Number of protein chains: 2
Amino acid sequence: MITLRKPKIVIVGAGYGGLMTTVRLQKLLGVNEAEIVLINKNDYHYETTWLHEASAGTLHHDKVRYDIRNVVDRSKVEFIQDTVVEINKEEKKVILENDQVNYDYLVIALGGEPETFGIKGLKEYAFGITNVNSSRQLREHIEYQFATYNMEEEKNDNRLSIVVGGAGFTGIEFLGELTNRIPELCQEYDVDFQKVKITCVEAAPTVLPGFDPELVSYAVSQLERRGVEFLIGTAIKEATPEGIFVGKGDEEPYEIKAGTVVWAAGVRGNAIIEKSGFEAMRGRVKVQPDLRVPGFDDVFIIGDSSLVINEEINRPYPPTAQIAMQQGEVVAKNITALVRNKAELENFTFDNKGTVCSLGEDDAIGVVFGKKVTGSKAAFMKKVVDNRALYMIGGTSLVLKKGKLNFF
Amino acid sequence: MITLRKPKIVIVGAGYGGLMTTVRLQKLLGVNEAEIVLINKNDYHYETTWLHEASAGTLHHDKVRYDIRNVVDRSKVEFIQDTVVEINKEEKKVILENDQVNYDYLVIALGGEPETFGIKGLKEYAFGITNVNSSRQLREHIEYQFATYNMEEEKNDNRLSIVVGGAGFTGIEFLGELTNRIPELCQEYDVDFQKVKITCVEAAPTVLPGFDPELVSYAVSQLERRGVEFLIGTAIKEATPEGIFVGKGDEEPYEIKAGTVVWAAGVRGNAIIEKSGFEAMRGRVKVQPDLRVPGFDDVFIIGDSSLVINEEINRPYPPTAQIAMQQGEVVAKNITALVRNKAELENFTFDNKGTVCSLGEDDAIGVVFGKKVTGSKAAFMKKVVDNRALYMIGGTSLVLKKGKLNFF
C-alpha cells in the first residue's frame, strides 16, 4: 500500500507578504491537498506602515497589531510561534530556536531590517521604527525625556531635541505624527513648546526621493511650519549618546545635540537570507519572475527580502506593503499550481495603485490612480489604503475590528 | 494726613498647609483689613498623598493636581508664581528668583524634602515620590524599562526588578499601586509576569512603624501575595546605576540588581529653612504652641518644616496632610487675631481623626475614629479622606471636579 503524503507548505513570517500568502492558500487549497504551516516570531501581525504612529504615540501599539489567529483558519493552517534561526535549503528544512520543520515548498517572507550603512554608533544609540517593540520603546524614550526635563535643576534643552535620520517615507510620516504629538507632550509634561527642536537629516539631495517635486515641496513646507528643520544633502557621520555628527560632502562634521536620535533611513533584507547562503544584495534576493529563488524551485522569497526590478527605470522597486501583498497573492497561486502539478506558473508584475504619504492628522500627500492629492483629501485616501490592507487579509470583520474608521 | 497701610500677609507654598491658610484667611478677613499674597513655584496645587498613584501610573498626574486659581479668591489674594530662594527674616522679606516681596506676617509652608541620610548614590540613582515632576518621571522610567526589555537580544531581567527603599506610609502605598499596575505593564509590553521582581527594603525592624501590628501583618501578607519581597531590618548601604547594596547590621553588604530604585523613606524640612538661618532639626523648626517661630513673632511655620511634639509619647508627630491642614486653620485664625490687634492667640493641638494606608485598588488598612478597618471598607474610608481634603480647601465644586467618586 502506498500512502500519498500531502505536500507541506511552510511560510516563514506573518507580515504583509506571508500573511497574504497564507490566507490566499487556505482559500485556494483543500484540506486534503496540502499541509500548510505558518511560522512567526510573535503570535500577532503588525502593520509596519502604521508604526510611525505607534512610535510617536499618536496611536496605541495594540491598535497596529492583531492576533494571527483572527485571520488564519486553524483547521487548514498550523501556526507555530517560534523564531527562524536558519534555512537549510539543501535538506529542505527550517531551523527554529526550539524546533525544526521540513518543507516541500517554502515561502520566505521574513521582512527587512534597518540598514545603517556602517555609520558609527547608529546601532547603539539610535531608535528605530521597525516593529512593535522598537516603536513603543521609542515612544517611551521620548516621553521619558520630556518627563525628566523639569526634574533637573539645570534645564537640559537637548532632552527636547529630536533628530530624525532619513527623509524617506518612514521619516516623513514619523515627522508628521511627531509634530502632532509634541504639543500634547508639552502640555503633559509642562514644557515650553519653543524649547523643542526637531531636525531631519537626509543625505540625498531631496526629501522623499522619487516623489513628485510639487508634493515634496508641500510636505516640506507643512512640516517646516510645524517646526521641523530640514538638513538636506547632509549625512549623519556618527551617532553618540549625546546626539549626532553631520556634514555635507567633505566639510568638517559638526555636532547636533539630541536626547533622541531616530534612524528611519534604509531597509535591507533579512539577515537570515545571507546566513542561509542565498545569493543576495544587502540581504535581498533577485527572484525569478515567478518569485522563486534561482536554482531553488521550491523556495519563494517575497517582501522586503526580495528584489524585483522596475523595468521602466531599471531600478529595484522600493520594498512596500503593497508590493509584498501582491507578491503574496501570486505565490499562493503558484504554489497551488505546483501542488496540482501544473507546469505553468504566473509571473509577478507590480500594479502600482498609488502611494500616499501621511503628514499626520488630516494631512498627507499622494498620487492615487495617477492623480496628485494633498491635505485632508489625501489623508482620507491614506485611511482607505490602510483599511484596504486589512480587508485584503482579514475581510470586513478585521476592518471593523482594527480599521481606521474615523473618516470625518 | 496719616495713611494706614494695610498689613501684608505672605504665604509661601501652596501645599496642604499653605493653601488651607490662604482659603481660610480670604474668608476671615475683609478686603480692607489686609493684603494677602500667596507665592508658589507652580500655578497648581498637588495632592502629595496621591503621588504614589501618579508614580505607579494608576492615576494620571493631572488628576492629582489642580489650578490654584480654582480655590483662591483673586479679588482678595494676589498669587505670584515664583520660586523662593531665601527668607530675610531681619528685613522681613522673601527673596524670590525673579522678585522680592516684603511682609508683615509670613507663613512658611514650603513642604518637605526627601531625606537620604547621606546614603551614597541615592540622590543620583534613586527616583522619588516627591512631586508631580518626580512622579511622572518615575512612571515613565518604569514604562521605559518594560518597553526596552523585549528590544534586547539578551534579555536583562534586572530591568524588571524594582526596589522600594522604605516601608513607611509612602513606600507601602506605592507598593499597593505598583502591584496593581504590574499586570497591566506586563500585558502592555508583552512581558512574563513571573520575571518581575519587587523588593521592599526597610531599615526599621517592622513595616509601617507605629501602626497597629495586626494591620501591619495584614498589609504585609496582602503585598507578599502580590509578589513583594520584604527585607526588614535591612539597610540600603549604597545605590548604583545597577541597583543597590544592602546589609543587616554589620554583615557584608550584598547587591540587589534593579533597573528601578525608588527612595520612599524619610522626609526632612525644606532646605530654605536652614538657608534662611532658622534653628532647625533636619530642616524642621520646633514651633511655639501658636505655631510661630520662637523669637520671630511675625513668622509662622506649618507643615513638613514644622515640628510639633506629641506629648503622649514625647515624640514629634509625623508630617502629614492632616496635621498641615489643621495647622493652616489655626494660623489663619491667629493671623486674623494679630491683624485685629487681639492679644490672645490660639494654641495648636492635633486632632487625630485617624489614618488610612492604601494598599491599592479596593484594599487598605486603617484606624478611623479609633476603630481598625481593612480591605474594601478601609479603601472606602481612604477615598472619604482624600475627598475631605479637597472639600476642606475647595468645597463641593472641587470635590466634584477632582474627587474620587468611583466609590463602588
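Is Glu90(B) buried or exposed? Glu90(B) is exposed, at 58% relative accessible area. Exposed means over 50%, buried under 20%, and partly exposed in between, using a 1.4 Å probe and protein chains only.

## The model

This is a predicted model: local features need pLDDT of at least 70, side-chain atom pairs count only at pLDDT 80 or more, and totals for chains, interfaces and linings use all residues. Residues are numbered from 1 along each chain as written, chains are lettered from A and ligands numbered from 1 in written order, and side-chain values use heavy atoms, leaving out hydrogens and water.

## Salt bridges

The whole structure holds 62 salt bridges over all chains. Each is a side-chain nitrogen of Lys or Arg within 4 Å of a carboxyl oxygen of Asp or Glu.

Glu90(B) forms one with Lys89(B), with the closest N and O atoms 3.6 Å apart. Lys89(B) is buried, at 8%. In chain A, Glu152(A) meets Arg159(A) at 2.7 Å, N to O. Glu152(A) is partly exposed at 22%, and Arg159(A) is buried at 18%.

## A link between chains

Arg136(A) and Asp190(B) form a salt bridge at 2.9 Å, N to O. Arg136(A) lies in helix α4 of chain A and Asp190(B) in the loop between α5 and β13 of chain B, so the pair joins two chains. Helices (H or I, at least four residues) and strands (E, at least two) are DSSP runs, numbered from the N terminus. Arg136(A) is buried, at 0%.

## An open sheet

Chain A has an open sheet of 5 strands, ordered β11-β18-β12-β13-β14, with parallel pairing. Strands pair if DSSP finds at least two bridges between them. The edge strands are β11 and β14. In chain A, 5 bridges join β13 to β14.
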